[in-house]
Amino acid sequence: MARLHVMERSHAQAVMDDLHDALGRRLAARSLAPCPVEFTAALVNLCATQSCGKCTPCRVGLRALSDLLEDVLENRATLETIDLIEKTANTIYLSSDCAIGYEAGSMALMAVRGFRDDFEHHVREHACGFAENERVPCVAGCPANVDIPGYISLVEAGRYTDAVRLIRKDNPLPIVCGRVCEHPCEMHCRRGIVDDPLNILALKRYATDHMEEDYRPWIAEKTGRRIAVIGGGPAGISCAYYLAIMGHDVTIFEQRKHLGGMLRYGIPSYRLPREDLDQEIQWILDCGIKVELEHAVDGAELERMRADFDAVYLAIGAHNDKKLGLPGEDAEGVVSAVQMLRAIGDGEMPDFSGERVVVIGGGNVAMDVARSSVRLGAEKVIIAYRRRICDMTAQDAEIAGAEAEGCQIMELNAPVRVETDEAGRVAGVVVQPQIIWAPGPSCRRRARAAHRVRPRDRGHRTGHRFRSVRGHGRAVQVGPRRDRFRRGRARIRGPVLGRRLPDRARDRHPRHQCRQGRCGEHRPIPRLRPSDPARGRAAARPVQGQAPVRPLRAQGARRRRAHR
Amino acid sequence: MVKLIIDDRVVEVPEHTTILDAAASVGIKIPTLCYLRDLNEVGACRVCVVEVEGIDQLVAACNNYVLDGMIVHTNSRKARIARKANVEFLLSQHDSECTSCARSGNCSLQSLANDLGITDLPYPKHLEGFRSDPAFPLIRNNDKCIKCLRCIQICEKVQATGVWDLTSRASHASVNVAGGKELSQTDCALCGQCITHCPTGALRARDDTERVFDALEDQEKICLVQIAPAVRTSWGESLGLTHEEATVERLASALRAMGFDYVFDTNFSADLTIMEEGSELLERIKKASEPGGEDIKFPMFTSCCPGWIRYVKSHYPELLDQVSTSKSPQQMFGAVAKTYYAHALGVDPSKIFSVSIMPCVAKKAEAALPTMVGETGDPDVDVVLTVREVDRMIRASHIDAGALPEQELDQPLGVGTGAAVIFGATGGVMDAALRSAYFLATGENPDPDAFSGVRGLDGWKEKTFDLAGTPLRVAVAHGLGNALKLIEALRAGEVSYDFVEIMACPGGCVGGGGQPIHDGCELAGERGDVLWGLDAQAPIRFSHENPSVKLVYDDFFGHPLSERAEELLHTDHTAWSMPK
């Protein structure tokens, strides 16, 4: 037996690899709106190709399942067929010998249960009734359903003002979104099937930066209806805009000194310049919207408003911070990110000169806080994160920016407690080294404590069970939000405008996307959700006809796209 | 010991006991389909799945060990639904035309589906449509294959041949001839073990019963039938007869009722084989010690098993000149019937229709060999029936075999000795040959049980016996996997023998591929004991004392290895070839 051998890749293997890559790109740039039954059938067939052929449920069951799904698609099925599909998928899940079979069964089971209405629609109506039938992937991927191909064509034609008009049809914040949008559209960009997605974000910014002239929107005749919008963040502003151009009399009630919500109080100005934000807001307010700043609305006043106004829209956001539950987190010097960024938003700059700051967390907010701390004069900024850098939910550019500005990232270190000095002031954060573990329900790899440190490893690898991070100045905890599910992230490559290259291959690899199809449940609460303008716009619609006095919640009604 | 709860009953079993065995120890029978102990424990069918508390998914009982504190439910709703659905899956790829299936009434899939109450088939049918050459003695119908993989395992692990393999992939995975060859183009020994270990009717032997019925109807034909030794251990099994009832004499009665003119015994020609083969061995030993005998190689191998002949020809052709040239008892009988006996009856040999009842599939191929023909070119044995076929014929003739009286077999070819009847069990040929070789070498009969060291079910047995002052080193192997080990050891010089008996089937002919099928049971030991018992009770226990054998030598052959004996009772194994 040769000890050494050269591994050769056959032509067929190479072709197979290429096809796998192409399939990966296709799935990454997937449209979210295929027929659920057809998609399930394709999924089951694909899974069946991976069967080794040994055990019955995987070898035969998947094929039987495929037949039944085909029956549904070919209008041969009855409602009992759907029950049989469920039973079949369940048997495959329960009794297959390995993950090739039981995970396929599990997926099929999730599909038939999650898409039950669609299956029934096929059986009853002999047609697909899936509501998400947008055929343009990027538009389907944009929570505001902005006409992306439309404005890209207008940009290409050099009609930048028209491009902005087209964007504002669905999203009144093109300047803001051209800078800080999370651009989920790009994940669905069809160009990604070929190689990489277009840099849609930058194209939008280009349009707003190069408008030939400003314009004013057409405003409908006054309707005489009065509407209160509580909260002046992106949702409130958007709602107010669409209501205003419909001719309603809109008043925004804002608790803080300025409008903008998280755009102002969550995103640092180096990412979203204040003049751009102010310009965008002012353009909207010029549609005749009244504003009452520093006007907090309590329950009693809300009741009064419901009587006084024809409609009330609640767009109150998520500004409360959540504690991490660490011992010592109430010590002096420990501040929440919300607190810190809010003060900055109001122009009250804290002084971190000469201080050592520990930031806990790995999302965009953590990066904002870290980078802001550098700007506020901190001597050293450490970001402690329990997972790996590649697991961080922050955008790559933000992580790279933080590192470039001198922030030290300590990955795989989970905070355990905040240490204080005699005066009760924060003196450091004790962290526990972690090892990476199997993915959790959020589909991201979890970390767990690296407990099993063998004695001989002590002091040289992980050293101690706990490690202390001295931070004799401040500890900023970024606790209020759950880590966000990663969407496609990319950076601009070179001078080629309009093209994006992923800087971490895993971003677009289907394996790293939500395997459970639960991304809808794990949507973060970002400072600017691309869906906020959409929600504001949607909220404005029913007011047009009958002016319901039912308060609409912007934050609560989560759109569960994956599960419909 | 491990303590667990199965279906609310506390069970205590040793570590490394499967859930299946643990349940069986308290009388809970978990259904299985693909499972064969020690041979096929791959958990392919997923019929034996059970629910184990704390695990969401089901667990295969056949290949998972018990753990302390385990709580098992063998028939929970979850397990029942999945078990039934898995059988429904299998039925969606199974030709369920049970009425025209050779295994109807003896099919594990059929009983399982019945037991589980499957009355509707919910899934669309997908049949592969592959059927192998119906003229070949072994026939595969993939429309009935459930991919349990047993045939692959037995062929590879027990018979060291590897004819079968998984072909194609995934949902289209199929079991067929490895490498996509025609079955007749493989080195298949035709042992038929894949047939007797198939849970369904996917594998079967060619059915030749109609040819026999036609011959029985033909007034011109004189129909003779010979009954192989191992047949008397098993022919009554599928007819509901006990060993005591299913004697060879009662079978003779049934065959006569069916219309056979003469019922003879292969035991007769087994004794004849001993005379020829024993003499050949002594001749070899003698020649080897003479000048010029250096080229004579040892051991000499027996030649009565056609499966073994096919195996040695395709795997070790260089050993062929060490294989005895004696024909098998079946073919010796055929040759004697169409020469000596035709002459005795005063009829043309072409009038004789010679049938043999064998526990074997390879015998069908052996009878059809170009070398096994008489002067006119007609085969010495016209049709070979397996035990399963003869049972079908008895049923088709609506003969109540149990109600028939026992009848003696016909003379003179119906006479056999105790030494002949043991041909059907591993070690029997060796035992019988040694008894007569001892006599031929010393002129005295040994104790008939003097060579009992070669009996028993060990896969590879070896003994040295004293033969008139010369030590004779003998070995016995059964199952081609054991034959392979023995031959490899011989080639490696680790062992050396003078005489080796090899039987292709585990246990010898009693475990033959033409025997009745009892899924999951290995009956070779039990059937072999019947033969050893018949030998012990036999009035004559030495082949050379068989009066009919003496008669044919006196009247026809003269003496063993005579010119006529060489012509009719010996064969050239090189005159035909196995496919490459």
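**View 1**
Of the 564 residues in chain A, 45% are buried. Among the contacts of chain A with a separation of 6 or more, 74% join residues 24 or more positions apart. The average pLDDT of chain A is 79, and 77% of the residues score at least 70. Residues 452-467 of chain A have a pLDDT below 50, and this stretch has 14 contacts in the model beyond near neighbours in sequence. The pLDDT also stays under 50 over residues 478-530 of chain A, where the model has 131 contacts beyond four places in sequence. Where pLDDT is low, the predicted coordinates should not be read in detail.

**View 1. The contact between chain A and chain B.**
Chain A contributes 25 residues to this contact and chain B contributes 28 residues. On the side of chain A that touches chain B, at least two residues each come from helix 2 (36-49), helix 3 (56-73) and helix 4 (79-95) of chain A. Helix 3 of chain A provides the largest share of that side, with 9 residues. By class, the side of chain A that touches chain B comprises 10 nonpolar, 9 polar and 6 charged residues.

**View 2. Domains of chain B and the contact between domain 2 and domain 3.**
According to the domain assignment, chain B holds domain 1 (2-91), domain 2 (126-205) and domain 3 (207-580). The centres of domain 2 and domain 3 of chain B, taken over C-alpha atoms, are separated by 27 Å. Their contact draws on 20 residues of domain 2 of chain B and 26 residues of domain 3 of chain B. Helix 4 (150-158) and helix 5 (193-196) of chain B each give at least two residues to the side of domain 2 that touches domain 3. The largest share of this side, 3 residues, is supplied by helix 5 of chain B. The side of domain 2 of chain B that touches domain 3 of chain B contains 10 nonpolar, 8 polar and 2 charged residues.

Strand 3 of chain B pairs with strand 4 (residues 59-60) of chain B in the antiparallel sense over 2 bridges, and Val49(B) stands opposite Ala60(B) of strand 4. These two strands form a hairpin with 6 residues between them, and Gly54(B) in the turn has a positive phi of about 95°. Strand 3 of chain B also pairs with strand 5 (residues 71-73) of chain B, again antiparallel and over 2 bridges. Within strand 5 of chain B, Val72(B) is the bridge partner of Val52(B).

In chain B, 4 strands form an open sheet with parallel pairing, in the order 11-10-13-14. Strand 11 (262-265) and strand 14 (383-386) of chain B are the edge strands, each with a single partner strand, so one side of each is left without a neighbour in the sheet. On average, neighbouring strands of this sheet are turned by 25° against each other, direction ignored. Strand 10 (residues 222-227) of chain B is joined to strand 11 of chain B by 4 bridges, and Gln226(B) has Phe264(B) of strand 11 as its bridge partner. Helix 8 (residues 266-289) of chain B lies across strand 10, strand 11 and strand 13 (352-358) of chain B, running at about 40° to strand 11. Helix 12 (residues 387-396) of chain B also packs on the sheet, where it touches strand 13 and strand 14 of chain B. The direction of helix 12 of chain B makes about 85° with that of strand 14 of chain B.

**View 3. The surroundings of Thr371(B).**
Thr371(B) lies in the loop between helix 11 (362-367) and strand 14 of chain B. With 14 other C-beta atoms within 10 Å, Thr371(B) is partly exposed. Beyond residues up to four places away in sequence, Thr371(B) touches Thr571(B), Asp572(B), Ala575(B) and Trp576(B). The C-alpha atoms of Thr371(B) and His570(B) are separated by 10.0 Å, although the two residues are 199 residues apart along the chain.

Key: Residues are numbered from 1 along each chain as its sequence is written. Chains are lettered from A and ligands numbered from 1 in the order in which they are written. This is a predicted model: local features need pLDDT of at least 70, side-chain atom pairs count only at pLDDT 80 or more; totals for chains, interfaces and linings use all residues. Domain bounds come from an automatic or database domain assignment. Two residues are in contact if their C-beta atoms, placed from the backbone, lie within 7 Å. Ala, Val, Leu, Ile, Met, Phe, Trp, Tyr, Cys and Pro count as nonpolar, Asp, Glu, Lys and Arg as charged, and the others, Gly among them, as polar. pLDDT is the predictor's confidence in each residue, from 0 to 100. Two strands pair if DSSP finds at least two bridges between them. Axes are lines fitted to C-alpha atoms, for helices over the stretch in contact, and angles run from 0 to 180 degrees between N-to-C directions. A residue is buried if 20 or more other C-beta atoms lie within 10 Å of its own, exposed if 12 or fewer, and partly exposed in between; C-beta atoms are placed from the backbone.
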